[in-house]
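Here is a short briefing on one protein model.

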Amino acid sequence: MTDSDTVMVTYRITEDADGRALPLEELRVNADTAALAYRITPMTPKRCCV
């Protein structure tokens, strides 16, 4: 990358058991060619048998 490139900075963060943010990763890439994608796993409630 050169000094004139646009940079995209992403942070991956999680929480500890007390709810405090813990930064895990910082990624810097050329924003002209980068794309963000993430997967969300759907959560379904457990069904209870009566």
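Val7, Val9, Tyr11 and Ile13 make a nonpolar surface patch of about 370 Å². This is a predicted model. Start with that patch, then follow the strands and the charged side chains.

**The nonpolar patch**
- The patch is made by four named residues: Val7, Val9, Tyr11 and Ile13.
- Val7 has its place in strand E1.
- Is Val7 buried, exposed or partly exposed? Val7 is partly exposed, and its relative accessible area is 39%.
- In a regular strand, side chains alternate between the two faces of the sheet.

**The two strands**
- Strand E1 covers residues 7-15, and strand E2 covers residues 21-30.
- How do E1 and E2 run? They run antiparallel, and 9 bridges join them.
- E1 and E2 form a hairpin with 5 residues between the strands.
- In this hairpin, Gly19 takes a positive phi near 90°.
- Arg12 has Glu25 as its bridge partner in E2.

**A salt bridge across the strands**
- Side chains of opposite charge can pair when their charged atoms come close.
- The structure holds 4 salt bridges.
- One of them joins Glu25 and Arg12, with the closest N and O atoms 3.3 Å apart.
- Why does this pair tie together parts that are 13 residues apart in sequence? Because Glu25 lies in strand E2, while Arg12 lies in strand E1.
- Glu25 is partly exposed, at a relative accessible area of 42%.
- Arg12 is partly exposed too, with a value of 47%.

**Glu26 and Arg28**
- Glu26 forms a salt bridge with Arg28. Their closest N and O atoms are 2.7 Å apart.
- Glu26 is partly exposed, with a relative accessible area of 41%.
- Arg28 is exposed, because its relative accessible area is 52% and the exposed class begins over 50%.

**The network around Arg20**
- Which residues do salt bridges with shared partners join into one network? They are Asp16, Asp18 and Arg20.
- Arg20 is exposed, and its relative accessible area is 52%.

Notes:
Residues numbered from 1 in each chain as written. Predicted model: local features only at pLDDT ≥ 70, side-chain atom pairs only at ≥ 80, totals over all residues. Heavy atoms only, no water. Pairing = 2+ DSSP bridges. Helix = DSSP H or I, 4+ residues; strand = E, 2+ residues; numbered from the N terminus. Salt bridge = Lys/Arg side-chain N within 4 Å of Asp/Glu carboxyl O. Buried < 20%, exposed > 50% of the residue type's maximum accessible area, 1.4 Å probe, protein only. Patch = residues over 30% accessible without salt bridge, like charges linked within 9 Å, V, L, I, M, F, W, Y side chains within 5 Å. Areas by Shrake-Rupley, 256 points an atom, 1.4 Å probe, with all protein chains shown as cover.
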